[in-house]
Amino acid sequence: MSLGKPDERPNGNSSSFLLTGFPGLEAAHHWICTPFFFIYISVLLGNSTLLLLIKEDHNLHEPMYYFLAMLAATDLGLTLTTMPTVLRVLWLDHREIGKVACFSQAYFIHSLAFVESGVLLAMAYDRFIAIRNPLRYTSILTYTQVLKIGLGVLLRGFVSVIPPIVPLYFFPYCHSHVLSHAFCLHQDVIKLACADTTFNRLYPVVLVVFIFVLDSLIILISYVLILKSVLRIASKEERAKAFNTCVSHICCVLVFYVTVIGLSLIHRFGKQVPHIVHLTMSYVYFLFPPLMNPIIYSVKTKQIRSGFLRLFTNHHSPSHRM
């Protein structure tokens, strides 16, 4: 059942918000929903298969693939946090979301985005050690060390987002209770708050600089140093082999940071840009990296391709136990 035209009058006592699909394209929501649904299923299948492969295949029990498993798990988390709400809005026109559910969704969306940045940084560190110090690679990146890095990345993402999210539970909301996306974002919610939101406006900017900007700079510096090491290798084949191990990661870094930068630029400077462009960019940001990461690694990494073949041939071989 359609909720019709949302009531946009101030409603401080309302315990819910209204999510928005594509304004002006409500009649086409069912059609728009179809590609979203297929992308959602592809993301779930791609990342779940990657996680299963890394778990089952002992040839992939190495730091590089443990970090890849963290990336796949983060992508799954981000997609499962956002897409069910989006599909509900587009398919069923079910736009209402409780405040607690909304703030929790915003918390997980922003935390997992920072976790993804941290995992990409950890993967750059892994490639840096593998190429700059190959003889000590296994002694530096032990299983315990990988676990510590993973835990650090998780804590940084989930703890750093708590300060701006907690006040959302206590703000009064006396402006319109209609949000501009089909999922909850911190910057969307604070526009509706009738309180002093100075901290909530400044803290996220500092956080973005310290996480996204700093991570991308460190990744860039590490690749400059990696490139210097690769160019020192005498054999042309060895040079190509060394650099080839980095190609998948470079592609994932570009996919993630180009979408982050694109979305940030549109939010900061795109006041005249049609709202539909803002919406489209936000969906590209949430769906493109989780969709592309498993594809990039499957296409560019020989061990993953071989692993997929082994996984499926073992499961379908006649000698496989009934």
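In what follows, Ala, Val, Leu, Ile, Met, Phe, Trp, Tyr, Cys and Pro count as nonpolar, Asp, Glu, Lys and Arg as charged, and the others, Gly among them, as polar. The structure is a predicted model, in which local features need pLDDT of at least 70 and side-chain atom pairs count only at pLDDT 80 or more, while totals for chains, interfaces and linings use all residues. Residues are numbered from 1 along each chain as its sequence is written, and side-chain values use heavy atoms, with hydrogens and water left out.

The account begins with the open spaces. A pocket is an open set of points on a 1 Å grid over the protein atoms alone, with protein on both sides within 12 Å along at least five of seven lines; a cavity is a set of points where a 1.4 Å probe fits but cannot get out, and lining residues have an atom within 4 Å of a point. Grid points are joined across faces, edges and corners, and a volume is the space filled by probe spheres set on the points. Helices are DSSP runs (H or I, at least four residues), numbered from the N terminus.

The largest pocket holds about 1200 Å³ of space. It is lined by 41 residues, of which Gln187, Val208, Ser264, His267 and Arg268 are the closest to its centre. Two or more lining residues come from each of H3, helix H7 (186-189), helix H8 (198-232), helix H9 (236-269) and helix H10 (275-300). H8 gives the most to this lining, with ten residues. By residue class, the lining of the largest pocket comprises 23 nonpolar, 13 polar and five charged residues.

The second largest pocket has a volume of about 570 Å³. Among its 19 lining residues, Arg127, Lys241, Ala242, Thr245 and Gln303 are the closest to the centre. The elements that supply two or more residues here are H2, H3, H9 and helix H11 (302-316). H9 gives the most to the lining of the second largest pocket, with six residues. Its lining divides into eight nonpolar, five polar and six charged residues.

A search of the whole structure finds one cavity of 30 Å³ or more. The largest cavity has a volume of about 40 Å³, and its lining consists of Met64, Phe67, Met123, Asp126, Arg127, His249 and Tyr297. Helix H2 (63-92) and helix H3 (99-132) are the elements that give two or more residues to this lining. H3 gives the most, with three residues. Four of the lining residues are nonpolar, one is polar and two are charged.

Asp126 and Arg127, which both line the largest cavity, also meet through their side chains in a salt bridge (2.9 Å, N to O). A salt bridge is a side-chain nitrogen of Lys or Arg within 4 Å of a carboxyl oxygen of Asp or Glu. Buried means under 20% relative accessible area, exposed over 50%, and partly exposed in between (1.4 Å probe, protein chains only). Asp126 counts as buried at 1% relative accessibility, and Arg127 counts as buried at 7%.

The structure holds four salt bridges. Another of them joins the side chains of Arg310 and Asp57 (2.7 Å, N to O). Because Arg310 lies in helix H11 and Asp57 in the loop between helix H1 (29-56) and H2, this pair ties together parts that are 253 residues apart in sequence. Arg310 is partly exposed, with a relative accessible area of 33%, whereas Asp57 is buried, with 8%. A further salt bridge joins the side chains of Glu56 and Lys55 (3.3 Å, N to O). Glu56 is partly exposed at 39%, and Lys55 is exposed at 59%.

The interior remains. A nonpolar core is a set of buried Ala, Val, Leu, Ile, Met, Phe, Trp, Tyr and Cys residues joined through side-chain atoms within 4.5 Å. The largest such core has 91 residues, and those with the most contacts inside it are Phe17, Phe36, Leu68, Leu120, Tyr173 and Phe212. H3 gives the most to this core, with 17 residues. Contact means heavy atoms within 4.5 Å. Leaving out residues up to four places away in sequence, Phe17 touches several residues, including Arg95, Cys102, Phe103, Tyr173 and Leu192.

Ile296 is buried, at 10% relative accessibility. Its C-alpha atom is separated by 7.2 Å from that of Cys251, 45 residues apart along the chain. Apart from neighbours within four places in sequence, Ile296 is in contact with Ser248, Cys251, Cys252, Val255 and Thr301.
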